[in-house]
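Dear colleague,

I am passing on a structure for you to look over, and my notes on it follow below.

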Amino acid sequence: MPMTAALFALLIQPSIQQDAWPQIEASSILTHIKYLASDELKGRNTPSEGLDKAADYLADEFKKAGLKPGNGDSWFLEANYTGRRGGASGPVKSVVAVVPGTDPQLKEEYVLVSAHYDHLGERQGEGDQIYNGANDNASGTVGLIEAGAALMKTRPRRSVMFVALWGEEKGLRGSRAFVQDPPVPLSQIIANINLEQIGRTDDNEGPRVEAASITGYDYTTLTDRLIEAGKKTGVTIEHHKRNSSMFFMRSDNAAFAAAGIPAHTISTCYIFPDYHRATDHWDKIDASNMTKIVEMVTDGIAITANSKDRPTWVEGKDATKRYREAFKELYGDKIAAKGLSFSPLSEQEKRPNLLIPSSK
Ligand SMILES: [Zn+2]
């Protein structure tokens, strides 16, 4: 059989994957990180004027990208922070925004994507006294802005809620406050993906390029969604044998997991040279690598928000026992009844980046 031109074209097509999320760009990532980690915000301590400025900036960015306020008409979840050991107290706010789902029923369910936007503020000492926290965690916070903007253009079936949390550095206070007073019932939140330190590739254990770690790697079926997203976007999801469980309760996913929600933290580095130092500056961010990480995260959110099945905790593991119990208490029989009652995804829907463009 002679080779037709069309067949020939097909055969010589390069095997490089199409860029799944072309709207996510390194230049935009860097612009946001530069501002959030600037000396003007003075290290975003909880509570502080710099933290409030960051909150206003985030709300503004979500608004510009067309997201909806996540707490009724408000972009903020307000709380009163009480400092421990004589530390400063005062009003604080988490920033909350929503990409509304397209499915009339499933849009009542949420994938929650979180990142803490606070850092350590200023400390007395010689030289640079501002702890800018570019990687920890302006990077994760900017992940929220970029993923939110991308998903607003190709909205999934379920809703996606983005929350930038205060007070992580004070002991996961903002996420605990969220769980105590959530803007939607916790039982409507089907999963949590928390972003921490996704901007640097110079982990103390060695370079980590096109790779991300997930805490509690083998705890829930949410990991499968992220591995699938990683394959599409060229990011390896790694199982760090020790840190995976050791760090599971050390970031904001912990509060959601304790409530029963399948919840993980994604990082590129666990510990890096400038960790909790004044030198965690924006110019050490690997923005081009971070673009890939945010694409993987965005795709993982879309897969989770489109999938017929909701993520669950892995059975038969001691490490997940308490979360499985909380899971049953939180969702009850509703899961089996509601989570599986929808028609299978079409081939088109399996490619979340090609979903129905939003009407705006
Ligand atoms: Zn952090």
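Helices (H or I, at least four residues) and strands (E, at least two) are taken here as DSSP runs and are numbered from the N terminus. The model is a predicted one, in which local features need pLDDT of at least 70 and side-chain atom pairs count only at pLDDT 80 or more, while totals for chains, interfaces and linings use all residues. Residue numbers start from 1 along each chain as its sequence is written.

On that basis, Lys-42 is found in the loop between α2 and α3, and Lys-42 has a positive phi of about 50 degrees although it is not a glycine. For burial I use the number of other C-beta atoms, placed from the backbone, within 10 Å of a residue's own: 20 or more is buried, 12 or fewer is exposed, and anything in between is partly exposed. Lys-42 has 19 such neighbours and therefore counts as partly exposed. Arg-85, in the loop between β2 and β3, also is not a glycine and has a positive phi of about 50 degrees, but with 4 C-beta neighbours inside 10 Å Arg-85 counts as exposed.

Turning to the chain as a whole, there are eleven helices and 13 strands, and of the 360 residues 52% count as buried. If two residues are called in contact when their C-beta atoms, placed from the backbone, lie within 7 Å, then 83% of the contacts with a separation of 6 or more are between residues 24 or more positions apart.

A nonpolar core is taken as a set of buried Ala, Val, Leu, Ile, Met, Phe, Trp, Tyr and Cys residues joined through C-beta atoms within 7 Å. The largest one holds 90 residues, of which Val-95, Val-160 and Ile-301 touch the most other members. Helix α4 (residues 134–153) gives the most to this core, with ten residues. Another core, of five residues, lies apart from it and includes Phe-247, Phe-248, Tyr-270 and Phe-272. Once neighbours within four places in sequence are left aside, Ile-301 is in contact with Val-111, Val-113, Ala-147, Leu-151, Val-160 and Ile-193.

Among the strands, β8 (residues 189–195) is mostly covered, with seven of its seven residues buried. Strands are counted as paired if DSSP finds at least two bridges between them. Strand β4 (residues 110–116) runs parallel to β8 and is joined to it by five bridges, with Val-113 standing opposite Ile-193 in β8. Strand β13 (residues 263–267) is likewise parallel to β8, through four bridges, and here Asn-194 stands opposite Thr-265 in β13.

Helix α9 (residues 287–306) is mostly covered, since 18 of its 20 residues are buried. The expected span of a helix is 1.5 Å times one less than its number of residues, so α9 should span 28 Å, which agrees with the 28 Å between its end C-alpha atoms. With axes fitted as lines to C-alpha atoms, for helices over the stretch in contact, and angles running from 0 to 180 degrees between N-to-C directions, the axes of helix α2 (residues 26–36) and α9 come within 9 Å and cross at roughly 105 degrees. Angles under 35 degrees count as roughly parallel, over 145 as roughly antiparallel, 65 to 115 as roughly perpendicular and the rest as oblique, and α2 and α9 are therefore roughly perpendicular to each other. Ala-26, Ile-29 and Leu-30 in α2 meet Ala-287, Ser-288, Met-290 and Thr-291 in α9.

The bond joining Thr-46 and Pro-47 is cis, with omega about -10 degrees, and Pro-47 is found in the loop between α2 and α3. The bond from Asp-136 to Asn-137 is also cis, with omega near 0 degrees, and Asn-137 is found in helix α4.

Finally, Asn-132 is found in the loop between β6 (130–131) and α4 and is buried, with 27 other C-beta atoms within 10 Å. Not counting residues up to four places away in sequence, Asn-132 touches Ala-37, Gly-43, Asp-280 and His-281.

With best regards
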